[in-house]
Amino acid sequence: MASGLALQLSESEKLYLIDGCADNCRLDGREREDIRQYTIVTSSETTSADGHPPLMLSNGSARLILSSSGSTSTHILCSVKVEVMTPSQSQPNQGNLIVHVEDSLAANSSLSRKKNEEDRNRVQSIISELLATNLIDLESLCIIPYHYAFNVSVDVEILSGTAGSIIDACCHAIRAALQNTLLPKVVPSSIVNDAGTSMDPVGSSSSDLMLESDLSLAQTPSGIDNAAVVVTVTVCHRALTNSYLLLLDASLEEEACCFCQVHVAVDAREGTEPTICALRKTGNGSLPWELLPEITALAVKAVPMAKSSFRVAGSSRNNASLLQTQLDIQ
Amino acid sequence: MTTSLRRADLLSLSNLRNDGRKPEEIRRLRVQLGPLAGEAGGSALVEMGLTMALAVVKGPMECLRRSDELPDRAILDVKVSAAPFGFGTDRRVTNANTDRRLVEAAHWLQKAMEATVLLQLHPKSRIQIHVLVLADDGGRLCAAINAATCALLDAGIPMKDFCVACTAGLDEDTTLVDLNRREESSSNGQPAVVLPCAMLPQRGTVVLAQCEARLPSTDTLHRVQAAAMDGCRAVFEILQAAVRERATTLLSARKGHASIENAFP
């Protein structure tokens, strides 16, 4: 429902699916609150010796593959690019982070162009509203207040979305990419020394900032380990008993016959109570008010599961990105 | 007193290029057939050095508008788009429909593929090719052509031959093969000599050759063209080996001797 791939199911198929969910056995055999395992690729080789991240020309990148029953798969590629800019006047101590989601490979037929536009903007607006302010600590992106700060651009490319659950997958991919991003250490050159020349490859700020070429001083953006996690709860309505069923990690078929979906961004860090950062409902059904606490409780319960149900292909962190070779040239 | 040799001096002493290659060497080429396993049709991911292009092919299928279809052959619907992070250095968001260079690349790609695919076998149908450029370090059009060829093969669409592409250029009288972004960018205020060339290697015919810079003489043009064709043949070796390997895997999977895991980088 969140992308242009909405399936068309017949009424009897929908009935079969929902009855199965009521019996706690979904189409692929999972229980209602089971989530599928996904795979994160942050390096291309399986041995840690020669690996490099999926996108060498970006500061950080990750690829996420979620495949269900072998034939359908959701494939997401996320890239993080960092540049130096002047912070805004209203928030001079903060950097900036923007999230952009794109589905370039969606079938582009002119008959339904307007619908495609709407669907694409929907995923983009959901993810940027739910996540953009809750991912990293923006104040740590500041270099010199009022003058220089980092601008982090996170770009998500949906390569394939046939296994459903696109928003959750994008959220995990963004998190993995940010955890593998290295921000170069940039120091104001007036502090270092006056006679030194600066080798700043960024260009515009070459007389004020100096780039540390030692890669071991580069750091990941702070706050990413406590970033919010988005959990999508799919609500199905069973007409026979007039009851509502809640599902986690819906496949495309389940999204096609659901009543509505609620996307919850949960901030669950160690030692404190989990808090809900943002919530958004999509879909045409009108949700009964009493159901909302149940939905949010389920989302909060699912966060530790979602954070840990992945396997990493390749070594998880390696520093052999292009940043290193650029800085190593004499 | 110790003197340290700068890397650039070291490279020029041994006649190597700025990334350590010899003038006639192509970049590392990695091909992955069928990375998007769930999609109908075919897909391929081609990496020439750091330039990455993903092609998705769907078809043959019905035309969108009756007025588009041709009575005796299929039409090719080609679209080339770039991810926001897939441009040179900085990140730019452009609309794929209006960026002139991407539209031009789609046009060249269509011409190259029309010369390769056996369109007469599917009258009144449409084959849709969509190429997404994920990273650009020079040779964007060539990576797109190579990716489209592999994706068409993965989809099982009949073709006359592989259509392989490679760039060639000139650097003060040495011909270079497979230029990266630094070599493609203009130096000394003059545009660099870049000749992307696509050919059908087994037939030895050239499908696409394009150069927008001034060349000193027609002899130079012949030399650069010959270098481009040598580069194409080197690319062909690698692509053919990748396709053969994929076909062997699929065949043995069908017989039950092996199983196909999810395609991974």
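Strand E9 (residues 229-238) and strand E11 (residues 260-267) of chain A run antiparallel, joined by seven bridges. Strands (E, at least two residues) and helices (H or I, at least four) are DSSP runs, numbered from the N terminus. Two strands pair if DSSP finds at least two bridges between them. One bridge links A:Val235 to A:Cys260 of E11(A).

This is a predicted model: local features need pLDDT of at least 70, side-chain atom pairs count only at pLDDT 80 or more, and totals for chains, interfaces and linings use all residues. Residues are numbered from 1 along each chain as its sequence is written, chains are lettered from A and ligands numbered from 1 in the order in which they are written, and side-chain values use heavy atoms, leaving out hydrogens and water.

In chain A, four strands form an open sheet, in the order E10-E9-E11-E12, with antiparallel pairing. E10 (243-248) and E12 (275-282) of chain A stand at the edges; each has a single partner strand, so one side of each lacks a neighbour in the sheet.

Now chain B. Helix H5 (residues 218-255) of chain B has 38 residues. Just after H5(B), B:Gly256 takes a positive phi of about 95 degrees.

How values were computed. Expected span 1.5 Å × (residues − 1).
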